[in-house]
Amino acid sequence: MKEKITKNGIDYVLVGDYYIPDLKLPEEERPIGKYGRMHREYLKENNPILFNDLVLSCRLWTYLADINEQAQGRYSLIVEQMKKAESVTEELKQNCQWEWIKRMNSIHNRAEEIVVSEIIFIS
């Protein structure tokens, strides 16, 4: 059993002759996904102070998982709104598949661009 002490609210474990902080990462089960990874790279490059603060406070994974969920929700909403506004329906899909594919690809690309500019590339 490792010897432990607590000072200033921080647990320390004896390793060899030295006491080192007994740090534990939070139990986060959610994936950070595509948008979380994109935002992580953005933070590393453009806001290293926030990135380091999140890493050192063990909040980075939770923060990125939240960003990913927010971005995915916004993306889905934008796609549905554009489909409705541009009359991209299941009927079009059945009658003219190539037109439906062309329009859906356009919608997906524009929705992705909006999400990335609104959520991912901000500080």
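Trainee: What share of the contacts in the protein chain between residues at least 6 apart in sequence joins residues at least 24 apart?

Mentor: That share is 60%, where contact means heavy atoms within 4.5 Å. Keep in mind that this is a predicted model, in which local features need pLDDT of at least 70, side-chain atom pairs count only at pLDDT 80 or more, and totals for chains, interfaces and linings use all residues. Residues are numbered from 1 along each chain as its sequence is written, and side-chain values use heavy atoms, leaving out hydrogens and water.

Trainee: Which elements does the chain have, and what makes a run a helix or a strand?

Mentor: DSSP runs of H or I with at least four residues are helices, and E runs of at least two are strands, numbered from the N terminus. By that rule the protein chain has five helices and three strands, in the order β-β-β-α-α-α-α-α.

Trainee: Why is the chain called more spread out than a compact globule?

Mentor: The globule rule is 2.2 Å times the number of residues to the power 0.38, with the radius of gyration taken over C-alpha atoms. For 123 residues the rule gives 14 Å, but the protein chain has 23 Å, well over that, so it is more spread out.

Trainee: What makes a set of residues a nonpolar core, and how many residues has the largest one?

Mentor: Such a core joins buried (under 20% relative accessible area, 1.4 Å probe, protein chains only) Ala, Val, Leu, Ile, Met, Phe, Trp, Tyr and Cys residues through side-chain atoms within 4.5 Å. The largest has 17 residues, and Tyr35, Val115 and Ile120 have the most contacts inside it. Helix H3 (60-85) and helix H5 (97-120) each give two or more residues to this core.

Terms used: Buried < 20%, exposed > 50% of the residue type's maximum accessible area, 1.4 Å probe, protein only.
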